[in-house]
Amino acid sequence: MKYFIIFLIFASICNLLLATDFIIDVYGKEKVKVYDIDENNFFRIYSSNGVFKTNNNIYGNTECDGTTEIYNKETLFNIICEFREGENIAHAILKNNKTTKGTEKEILTKVVFVGGTGSWKKLIGTHCTLAYVEFDEGASHSKIKCKLEE
């Protein structure tokens, strides 16, 4: 039993060292032009500016632009976001997949980092999960969670 407990502790430490979560909190103000087709279908032209902070104290400004479409409850994204931390910049795109869920004001989907400089360069090709909530008066909060391997 003693060796089993030591093994569990060792396995937990190794797991922490090999894989960590990188989390980005984004708070923004957005402008959205909505074309309501009917109660289940719409097209949105989306633009946002905001600030972000990560769980390892990287912070800066962000902006996103693109379109969101929902037809017969299928969500289609064409959105790119830029994260600026001093001289370092990252670009990420929102991607649809089978786990994409959402409404006009709440989205759960995937994000892929497609470009970056400085420390952001390590994220290129990383697939992350994004949860987005839109509030009144154009305010929004997004949380991006990436599982990183050492």
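Biologist: What volume does the largest cavity have?
Modeller: First, a caveat: this is a predicted model, where local features need pLDDT of at least 70 and side-chain atom pairs pLDDT 80 or more, while totals for chains, interfaces and linings use all residues. Residues are numbered from 1 along each chain as its sequence is written, and side-chain values use heavy atoms, without hydrogens and water. A cavity is a set of points on a 1 Å grid over the protein atoms alone where a 1.4 Å probe fits but cannot get out, and its volume is the space filled by probe spheres on points joined across faces, edges and corners. For the largest cavity, that comes to about 270 Å³.

Biologist: How many cavities of 30 Å³ or more are there?
Modeller: The cut-off here is 30 Å³. With that rule applied, the count is one.

Biologist: Which residues lie closest to the centre of the largest cavity?
Modeller: The lining takes in 24 residues, each with an atom within 4 Å of a point. Closest to the centre are Tyr 46, Cys 64, Leu 94, Tyr 132 and Ser 142.

Biologist: And which element gives the largest share of that cavity's lining?
Modeller: Elements are DSSP runs numbered from the N terminus: helices (H or I, at least four residues) and strands (E, at least two). Those giving two or more residues to the lining include β1 (19-38), β3 (59-71), β7 (106-116) and β9 (139-149). The largest share is five residues, and it comes from β2.

Biologist: How many residues in the lining of the largest cavity are charged?
Modeller: Asp, Glu, Lys and Arg count as charged; Ala, Val, Leu, Ile, Met, Phe, Trp, Tyr, Cys and Pro as nonpolar; the others, Gly among them, as polar. The lining holds 14 nonpolar residues and eight polar ones. That leaves the charged class, with two.

Biologist: What about the largest pocket: what is its volume?
Modeller: A pocket is an open set of points with protein on both sides within 12 Å along at least five of seven lines. The lining of the largest one has five nonpolar, five polar and four charged residues. Its volume is about 330 Å³.

Biologist: Which element gives the most to the lining of the largest pocket?
Modeller: Of the 14 lining residues, Phe 22, Asn 56, Lys 122, Leu 123 and Leu 148 lie nearest the centre. β1 and β9 each supply at least two lining residues. With three residues, the top contributor is β1.
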